[in-house]
Amino acid sequence: MFQGISFDYSGARVLVTGGTSGIGLACAQAYRDAGARVIVTGRKATTGDYESDLADMNYRQLDVADRDALFALAGDLKALDILVNNAGGALGNEWEADGFDESIRVNLSSVFHLSTACKDLLAASELPGGASVVGIASMTSYFGFEWTPGYGPAKAGLVQMMKTLGMSWGQLGIRANAVAAGLTRSNL
């Protein structure tokens, strides 16, 4: 990807939600290529339903709007060093009550529920430098966008949540960061 720069995540256990396309796929592939054991999630039944390069990654079907599914996924994990909360996006007509609520569930609530469900696994990480939880934010975390009254506020909440997790979980050796990459070429 970048000439002269390499990373070594040999042995790290990484979970990337929404890791089958776009930013999530790029994160998952970069961790995989750096030696990590990577789990990706997506909504389709199997990896064969994707055109993406998911080789050497463990796939789990997941609807992040389903709180019980988030808890079940976390409960199935034996260890975790890095959690990338990437799944999300602008959903339907967010100016309608159901669309707004769904956007908050997918883009904010799911991050809280999965992160807290994985807290003990992350705290037990022996990765040099400690564990990490990452939230993929958006430029709409910082400015308004008329088409997404749910997505932007949810991503702004995600930024604040990562600050709160960092303050609260830092003492456990867990870093928390939000990344708002700006305009990114993806399927969205």
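Colleague: Why does tyrosine 31 count as buried?

Modeller: Its relative accessibility is 16%. Buried means under 20% relative accessible area, exposed over 50%, and partly exposed in between, with a 1.4 Å probe and protein chains only. So tyrosine 31 counts as buried. Bear in mind that this is a predicted model: local features need pLDDT of at least 70, side-chain atom pairs count only at pLDDT 80 or more, and totals for chains, interfaces and linings use all residues. Residues are numbered from 1 along each chain as its sequence is written, and side-chain values use heavy atoms, with hydrogens and water left out.

Colleague: Why does tyrosine 9 count as partly exposed?

Modeller: Tyrosine 9 has 27% relative accessibility, so it counts as partly exposed.

Colleague: What makes tyrosine 9 and tyrosine 31 an edge-to-face aromatic pair?

Modeller: Their rings lie 5.1 Å apart centre to centre, with 80° between the planes. Rings of Phe, Tyr and Trp (its six-membered ring) pair if their centres lie within 6.5 Å; planes under 30 degrees apart are stacked, over 60 edge-to-face, the rest tilted. Tyrosine 9 precedes β1 (13–16) and tyrosine 31 sits in helix α1 (residues 22–33), so the pair ties together parts 22 residues apart in sequence. Helices (H or I, at least four residues) and strands (E, at least two) are DSSP runs, numbered from the N terminus.

Colleague: How do you know that β5 and β6 pair?

Modeller: Two strands pair if DSSP finds at least two bridges between them. Strand β5 (residues 131–136) and strand β6 (residues 174–179) have six, in the parallel sense. Glycine 135 stands opposite alanine 178 in β6.
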